[in-house]
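Please find below a colleague's note on the two-chain model under review. It is arranged as numbered points for reading alongside the structure.

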Amino acid sequence: MTMASSRQIELAREAGKRIHHFHGGLRLRHNKKISCLDAVERPPLPAVLVVPLLQHAGDVAEALVHVGDTVLKGQPIGQCEPCATIHSPVSGVIESIEDRPMSHPSGQKGPCVVIRPDGKEQWIELKPLDNWLDADPDCLITQIQSCGLAGLGGAVFPTHAKMRDGRDRKTHTLILNGVECEPYISCDEMLMREQPDKIILGARVLRRVLGAEHVIIAIEDQMGSVQRSLTACAEFAESENISVIKVPKIYPEGGERQLVQVLTGLEVPAGGRPSDLGLICQNVATAAAVAEAVTEGKPLIERYITVTGNGVTHPRNYLALFGTPVSHLVDCCGGYTADVARLVVGGPMMGYPLESDSAPVVKASNCILALSHQDIAEPQPEMPCIRCGECARVCPAMLLPQQLHLQIKNDLWKPLEEYGVGMH
Amino acid sequence: MTRSFQTSGAPHMPPQTTVAKVMLQVLLALIPGVLAYVWFFGPGILVQITLATIFALLFESLMLRWRGRPLKPFINDYSAVVTAVLFALCIPPLAPWWISCVAMLFAIVFAKHLYGGLGQNVFNPAMVAYVVVLISFPQAMTSWLPPVALAEHSLGLADTFVTIFTGKVPVPGGWDAVTQATPLDTLKTGVDAGRMVPEIRNSPLFGDFGGRGWEWIANWFALGGIFLLFKRVINWQVPVAVIGSVLLLSLPFWLLDPDSNPFPLQHVFSGAIVLAAFFIATDPVSGCVSSRGRLIFGAGVGIITLVIRRWGGYPDGIAFAVLLMNMAAPLIDRYTRPRIYGE
């Protein structure tokens with residue numbers, strides 16, 4: 001493991017002053033506009049909600065409720081240390097706790113709490129922190145944890161754990177990631193347009209927790225309206241040391257390591273994290289959720305999600321409750337088109353395919369992408385690698401994928417380490 | 001009502017390129033050079049390309065069938081065609097038909113499939129084929145033609161066919177009437193006999209830089225190579241290193257002793273340096289993977305070629321140079337692995 005030098009940490013303080021480059025990358029067609037035409041709404045309540053007890057790396061949360069229990073909206077239903085708490089997205093009755101498809105890249109089934117909503121939408125008593133500006137950072141972290149916050153960019157790392165690490169390691173700059181570099185996905189863009197105040201407020205809360213000086217909100221260079229809405233909001237006018245920075249749209253610029261490199265010109269040390277450089281990255285949606293958790297006491301039970309692609313009739317963004325079946329969202333968008341071929345959670349680059357649309361929306365779901373036959377390649381026989389080197393040219397981690405492929409094909413697992421596998 | 005879908009790994013988009021597309025672009029890029037070849041040396045090269053392609057596809061099909069691989073995707077990847085065309089461009093246009101047969105046997109069966117097929121060959125198949133027939137059949141492989149403009153008799157398509165398939169030249173005087181030493185040959189034997197380079201260059205075989213005709217073919221190959229660079233089918237490092245090392249290394253020799261050493265541009269525009277720099281040494285399968293590795297690989301090809309031309313027994317040595325560097329490629333790769341992000 002390489003350590004960041006104090007010189008590098010000093011340089012990292014200059015984050016955002018200049019825009020740098022990262023190795024490789026791809027320029028992809030955005031395909032975002034089709035889902036940005038309508039204002040974001042909540043869809044009607046589905047008949048049942050299926051809330052998985054495993055929503056991020058780590059252990060399965062322990063169910064806090066039993067079959068037949070009546071739950072209120074926002075009531076904790078799953079918990080485990082150090083997971084982010086899981087809350088009931090509706091008021092209703094626990095119909096069952098059983099293994100179901102849980103929207104996970106593995107495609108496996110896992111324990112889920114199935115809730116039948118009663119339609120009353122009765123909240124538990126919310127406990128906002130009235131004077132968060134004076135609150136102790138530990139108190140804020142506890143609030144964040146009890147509200148079940150996790151990174152909404154896709155990795156779902158529990159927010160309280162990341163913030164605790166950042167506070168202990170003298171973070172000077174908080175980076176809010178609004179760079180949605182995957183094609184099609186527009187949920188963060190819509191959130192930044194519609195709820196800029198919440199994002200800025202959340203940024204201030206997080207900055208207080210970290211004891212950081214600066215906040216950088218990174219957005220893509222073609223998001224002009226987003227920049228206007230962020231800098232025009234009332235909360236922004238009241239804040240200091242918050243800058244909105246546009247970065248060129250090259251995939252995977254929204255990756256944490258690439259974003260750090262673009263903003264600072266520095267690389268996150270191998271085996272390390274951005275906090276080694278005094279930086280903490282959070283997704284803009286996480287910041288908005290932090291604002292709700294602190295000022296309203298509202299637990300994380302819903303998120304902005306894009307339902308898009310040539311495979312749905314009317315692409316758009318929804319504010320969807322966790323546990324909402326994907327099929328319900330697609331129905332609300334007018335259903336599938338005739339030539340739908342594949343259903344993906346996430347973007348076309350890194351998303352994972354769903355076998356069935358009964359899978360639910362979870363904290364990690366930023367996009368439901370229905371692709372038509374024209375969008376994807378028909379399955380073809382695999383051809384041998386001729387080491388053309390295109391993979392190495394675009395690799396942002398500067399790996400040699402063609403060499404890795406060769407070693408794996410020849411069952412040579414030991415040399416992989418030499419080529420960087422297992423280092424990070 | 002839930003619905004099921006077929007699943008497949010990311011990314012969920014069609015591939016940007018395929019092996020067949022890469023190979024087709026290489027073939028396309030060779031067209032200007034081949035046309036120039038026909039212009040200067042007659043239609044023999046077209047017959048050789050056709051013969052080599054037929055034999056290559058024949059051996060490719062036999063080996064695929066024998067190895068139990070599907071025929072269609074591998075025949076349609078055009079890799080055997082590229083090997084055949086590159087080989088045909090290296091041999092005398094009137095070489096007998098069985099040269100292609102023997103050569104493609106070694107290229108496709110030995111150099112390619114016995115090493116594991118497409119993507120697995122350690123050596124450039126076209127160069128293996130060329131070296132095998134060059135060493136085995138020196139007589140047939142050194143009967144070169146002068147440019148059409150200089151020839152006593154130039155052969156039409158029908159006569160070319162007769163020559164290639166019967167081994168007899170249907171004009172008065174036979175072989176002696178139609179063949180002539182190449183510029184590189186003339187240079188080597190001349191220098192060995194103690195004549196001076198400027199004097200040797202007075203022969204009508206020489207043009208402005210390299211051999212007459214040859215230098216223009218090289219230009220058209222370079223044009224095709226630039227197309228491949230532009231299309232990102234090849235990287236700049238190998239051609240720049242091959243040509244750069246030839247220029248740099250031959251310069252001091254020429255400056256010190258211009259009477260027995262050709263000037264640097266003559267080296268570049270003679271023989272197969274330009275063709276090799278853009279089309280042969282750039283083969284990704286048998287070459288190096290990193291930028292630094294490719295520079296070393298290309299420089300090695302240039303240096304070894306010059307060493308063979310200057311001190312070796314052959315007038316041109318690029319095929320040997322490519323094969324020797326193919327051998328060194330895995331080692332070069334090992335020591336030139338690029339730094340990984342964060343290291």
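Predicted model: local features only at pLDDT ≥ 70, side-chain atom pairs only at ≥ 80, totals over all residues.

The points below take up each chain, then the contact between the chains.

1. Overall fold of chain A. Chain A contains 13 helices and 16 strands. Its radius of gyration is 22 Å, close to the 22 Å that the globule rule gives for 424 residues, so chain A is as compact as a globular protein of that length. Along the principal axes, the C-alpha atoms of chain A fill a box of roughly 60 × 55 × 40 Å.

2. Burial and contact range in chain A. Of the 424 residues in chain A, 52% are buried. When contacts between residues at least 6 apart in sequence are taken, 73% of those in chain A join residues at least 24 apart.

3. Domains of chain A. The assignment divides chain A into domain 1, made of 16–35 + 128–295, and domain 2, covering 386–424. The C-alpha centres of domain 1 and domain 2 of chain A are 31 Å apart. Contact between them involves ten residues of domain 1 of chain A and seven residues of domain 2 of chain A. On the domain 1 side, these residues comprise four nonpolar, six polar and no charged.

4. Overall fold of chain B. Chain B has 17 helices and zero strands. A compact globule with 343 residues would have a radius of gyration near 20 Å, and the 21 Å of chain B agrees with this. The box filled by the C-alpha atoms of chain B, taken along the principal axes, is roughly 85 × 50 × 30 Å.

5. Burial and contact range in chain B. Buried residues account for 50% of the 343 residues of chain B. Among contacts in chain B with a separation of 6 or more, 74% are between residues 24 or more positions apart.

6. Domains of chain B. Which parts of chain B form its domains? Domain 1 spans 18–179 and domain 2 spans 181–335. Their C-alpha centres lie 21 Å apart, and 28 residues of domain 1 of chain B are in contact with 29 residues of domain 2 of chain B. On the domain 1 side, the elements giving two or more residues are α1 (19–41) and α6 (125–136) of chain B. The largest share, eleven residues, comes from α1(B). This side of domain 1 of chain B divides into 23 nonpolar, five polar and no charged residues.

7. A helix pair in chain B. Two packed helices are described by the angle between their axes and the distance between the axes. For helix α2 (residues 44–66) and helix α4 (residues 79–88) of chain B, the axes come within 8 Å and cross at roughly 145 degrees. The crossing of α2(B) past α4(B) is right-handed. Among the residues making the contact are B:Ile45, B:Ile49, B:Ala52 and B:Leu57 of α2(B), together with B:Val81, B:Ala84, B:Val85 and B:Phe87 of α4(B). B:Glu60 of α2(B) also takes part. The contact of α2(B) with α4(B) is made up of eleven nonpolar residues, three polar and one charged.

8. Contact between the chains. How many residues does each chain give to the contact? Chain A contributes 45 residues and chain B contributes 34 residues. On the side of chain B that touches chain A, the residues are 17 nonpolar, twelve polar and five charged.

Conventions. Residues numbered from 1 in each chain as written. Chains lettered and ligands numbered in written order. Contact = placed C-beta atoms within 7 Å. Nonpolar A, V, L, I, M, F, W, Y, C, P; charged D, E, K, R; others polar. Axes fitted to C-alpha atoms, helices over the stretch in contact; angles between N-to-C directions. Helix = DSSP H or I, 4+ residues; strand = E, 2+ residues; numbered from the N terminus. Left-handed = near helix turned anticlockwise from the far one by under 90°. Domains from an automatic or database assignment. Rg over C-alpha atoms; globule rule 2.2 N^0.38 Å. Buried ≥ 20, exposed ≤ 12 C-beta atoms within 10 Å, placed from the backbone.
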